[in-house]
Amino acid sequence: MSSEFMINQRVDAYCSIMKGENVAVMNSYDRGMNEGMAIGLVMAQCPEKIDQLASMSEQQINSKFYPVIEQRCPHYSFGVK
């Protein structure tokens with residue numbers, strides 16, 4: 001499993017968590033909570049792979065995470081890059 005796999009798992013979790021959310025009324029705190037839940041879910045599922053993401057900077061992770069959200073579930077994207 002590569003870091004790409006972990007990023008993709010995180011995106012899948014985020015898109016699933018966001019189902020049913022009213023994006024129009026969400027603020028950055030709400031979005032951050034959902035992103036945090038996605039991170040926790042993936043880390044719990046693959047604890048042996050945490051080092052792959054831990055070795056990346058936040059900017060490196062985000063530069064891969066947000067573009068994939070825009071591809072897979074653009075209606076849940078907040079335009080953050």
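Colleague: This is a predicted model. In which helix does Asn-34 lie?

Modeller: Predicted it is, so local features are held to a pLDDT of at least 70. Asn-34 sits in helix α2.

Colleague: Is Asn-34 buried or exposed?

Modeller: The cut-off for burial is under 20% relative accessible area. Asn-34 has a relative accessibility of 5%, so Asn-34 counts as buried.

Colleague: Which residues does Asn-34 touch, not counting those up to four places away in sequence?

Modeller: Asn-34 belongs to α2. With residues up to four places away left out, Asn-34 touches Tyr-14, Ile-17, Met-18, Glu-21 and Met-26.

Colleague: Tyr-14 is in that list. Beyond its neighbours within four places in sequence, what is Tyr-14 in contact with?

Modeller: Tyr-14 is one of the buried residues of α1. Leaving aside neighbours within four places, Tyr-14 contacts Arg-31, Asn-34, Glu-35, Ala-38, Phe-65, Ile-69, Tyr-76 and Phe-78.

Colleague: How do the rings of Tyr-14 and Phe-65 pair: stacked or edge-to-face?

Modeller: The count comes to two aromatic pairs. In this one the ring centres of Tyr-14 and Phe-65 are 5.8 Å apart and the planes stand at 70°. Planes over 60 degrees apart count as edge-to-face. So Tyr-14 and Phe-65 are edge-to-face.

Colleague: How far apart in sequence are the parts that Tyr-14 and Phe-65 tie together?

Modeller: Tyr-14 is buried, and so is Phe-65. Tyr-14 comes from helix α1 and Phe-65 from helix α4, so the parts tied together are apart in sequence by 51 residues.

Colleague: Which residues do the ring pairs link into a cluster?

Modeller: The rings of Phe-65 and Tyr-66 have centres 5.1 Å apart and planes at 70°, so this pair is edge-to-face. Phe-65 and Tyr-66 are both buried. The cluster linked by ring pairs is Tyr-14, Phe-65 and Tyr-66.

Colleague: Which residues have the most contacts inside the largest nonpolar core?

Modeller: In soluble globular proteins, nonpolar side chains tend to be buried together. Here the largest nonpolar core has 20 residues. Those with the most contacts inside it are Val-11, Tyr-14, Leu-53, Phe-65 and Ile-69.

Colleague: What do the buried residues of α1 pack against?

Modeller: The buried residues of α1 include Met-6, Ile-7, Val-11, Tyr-14 and Cys-15. The buried residues of α1 pack against α2, α3 and α4.

Colleague: What is the distance between the end C-alpha atoms of α1?

Modeller: Helix α1 has 16 residues. At 1.5 Å a residue, α1 should span 22 Å. The end C-alpha atoms agree with that, at 22 Å.

Colleague: Which residue just after α1 takes a positive phi?

Modeller: The phi in question is about 90°. Just after α1, the residue that takes it is Gly-20.

Colleague: Is the link of Cys-15 and Cys-73 left-handed or right-handed?

Modeller: Both Cys-15 and Cys-73 are buried. The angle about their S-S bond is -55°. The link is left-handed.

Colleague: How far is Cys-46 from the nearest cysteine sulfur?

Modeller: Cys-46 is buried, with a relative accessible area of 7%. Cysteines Cys-15 and Cys-73 are buried too. Cys-46 is in no disulfide, and the nearest cysteine sulfur, that of Cys-15, lies at 17 Å.

Colleague: How many residues apart in sequence are the parts tied by Glu-4 and Lys-64?

Modeller: The side chains of Glu-4 and Lys-64 meet in a salt bridge, 2.7 Å from N to O. Glu-4 lies in α1 and Lys-64 in α4, so the separation in sequence of the parts tied together is 60 residues.

Colleague: Which residue does Arg-72 meet in a salt bridge?

Modeller: Arg-72 is partly exposed, at 41% relative accessible area. Its bridge spans 2.7 Å, N to O. The partner is Asp-12.

Colleague: Are Arg-31 and Glu-35, a salt-bridged pair, buried or exposed?

Modeller: Their closest N and O atoms are 3.3 Å apart. Both residues lie in helix α2, four residues apart, about one turn. Arg-31 has a relative accessible area of 17% and Glu-35 has 10%. Arg-31 and Glu-35 are each buried.

How values were computed
Residues are numbered from 1 along each chain as its sequence is written. This is a predicted model: local features need pLDDT of at least 70, side-chain atom pairs count only at pLDDT 80 or more; totals for chains, interfaces and linings use all residues. Side-chain values use heavy atoms; hydrogens and water are left out. A salt bridge is a side-chain nitrogen of Lys or Arg within 4 Å of a carboxyl oxygen of Asp or Glu. Helices (H or I, at least four residues) and strands (E, at least two) are DSSP runs, numbered from the N terminus. Buried means under 20% relative accessible area, exposed over 50%, partly exposed in between (1.4 Å probe, protein chains only). A disulfide is a pair of cysteine sulfur atoms within 2.5 Å. A nonpolar core is a set of buried Ala, Val, Leu, Ile, Met, Phe, Trp, Tyr and Cys residues joined through side-chain atoms within 4.5 Å. Contact means heavy atoms within 4.5 Å. The expected span of a helix is 1.5 Å times one less than its number of residues. Rings of Phe, Tyr and Trp (its six-membered ring) pair if their centres lie within 6.5 Å; planes under 30 degrees apart count as stacked, over 60 as edge-to-face and the rest as tilted.
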